[in-house]
Amino acid sequence: MADVPSRQFYYIIINNFAGGGRTRRTWQQLAPILKQKQIHYAANHTQAPGHATQLAYQLALKCQQQSQPPILLVLGGDGTLHEALNGLQKAADHRIPLAYIPCGSGNDFARGAGITTNARQALNQVLKAQQPITLDIGRCIDHQKKTVTFFTNNIGIGFDANVVHITNRTSTKNHLNKYHANSFAYLTSLIKAFFTQKSFPVKITTAQQQHTFQRGFVVTTTNYPYFGGGVPLLASASVYNHHLDLVIMEKANAFYFIFLFMLMFLGQWHIKMPLVHHYHLKKLRIQSPQAEYGQADGEDLGKRAFDLEFNVTRQAFWFVPQT
Ligand SMILES: Nc1ncnc2c1ncn2[C@@H]1O[C@H](COP(=O)(O)OP(=O)(O)OP(=O)(O)O)[C@@H](O)[C@H]1O
């Protein structure tokens, strides 16, 4: 039976630079399929960092009164999805569902959300959807900068952010796939980050208690199981439980740190180990007075003091998750 043309309209944001050019190739592969299936769409290529946020925000404002708003389909990596999400969330009460074809380097969101990294199949997951699904996203108030950031995956201070910073600074980043084809460069970033990242004091405030850790090293608030391109930070983190998870690892020697990383891949043994602390909650505040690197969904937040307040909110997505 021939495909029935969809009445749904897709506003598409494409970051040709994501995945070291993989997104551009993916779009060349998918555009003819959309035409053949007579899907209604408008394609928009990002012109610079931050452009996806601007495009998504303008779309959300424009469609606020529409009874059947378009679907915002993002082609790129976690960073492009992060930008688009922030554009939508900036417009209060928007009703636009987010769809996503992962073609970045790390694709942590896709890994945890049940979206395949096979572009044709991921497109099918989008086109097969009949209604939106609502997933948790993190909301973070930055008291230093007086801004609000939304995240699908995680926000980290310390080691993981240092890895992001070093990797982004690497001149090859835009030409090579940073986690796979260029896995040697990624490994180099990990080693360099380990030896350059000093321990730092961090204060955690929850509804019940306050804790200060003098030797913070990894301080990551996650909505999702993965960070750093497939490292299972916390397998039990979920976008369905309306909670965030905070994982703190204190500074340890290299052997112990490698041991903890190995445990991560075996399940959640690492959170039972000395020097590792886990919180599962709806709200928390993290204060890190010393200048450290920060990252949000793999995007570099720079090196500075942080005073961040977290809670959970929701975003409509448009895809059929793989089971
Ligand atoms: N036209 C552009 N020129 C240069 N950079 C761009 C452009 N459009 C977007 N960007 C930036 O590209 C960066 C990388 O995008 P993205 O994170 O999606 O891909 P990735 O890093 O390859 O994948 P992942 O985050 O999954 O590892 C983002 O920081 C985004 O701001």
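**Close-up views of a predicted model**

**View 1. Thr-205 and its bridge partner in strand β9.** In this predicted model, Thr-205 has Gln-210 of β9 as its bridge partner. The two strands involved, β8 and β9 (residues 210-222), run antiparallel and are joined by 5 bridges, and the chain passes from β8 to β9 through a hairpin of 4 residues.

**View 2. Thr-205 and strand β14.** Thr-205 also has a bridge partner in β14, namely Arg-285. Strand β14 (residues 283-296) runs antiparallel to β8, and 3 bridges join these strands.

**View 3. The faces of strand β8.** Strand β8 covers residues 200-205, and Phe-200, Val-202 and Ile-204 make up its covered face, whereas Pro-201, Lys-203 and Thr-205 make up its uncovered face.

**View 4. The largest nonpolar core and Ala-99.** The largest nonpolar core contains 79 residues, and among these Leu-72, Ala-84, Leu-98 and Ala-99 touch the most other members. At least three residues of this core come from each of domain 1 (9-130) and domain 2 (139-313). When neighbours within four places in sequence are left aside, Ala-99 is in contact with Ile-71, Leu-72, Leu-73 and Val-126, and also with Phe-317, Trp-318 and Phe-319.

How values were computed: Residues numbered from 1 in each chain as written. Predicted model: local features only at pLDDT ≥ 70, side-chain atom pairs only at ≥ 80, totals over all residues. Buried ≥ 20, exposed ≤ 12 C-beta atoms within 10 Å, placed from the backbone. Pairing = 2+ DSSP bridges. Core = buried A, V, L, I, M, F, W, Y, C linked by C-beta atoms within 7 Å. Domains from an automatic or database assignment. Contact = placed C-beta atoms within 7 Å.
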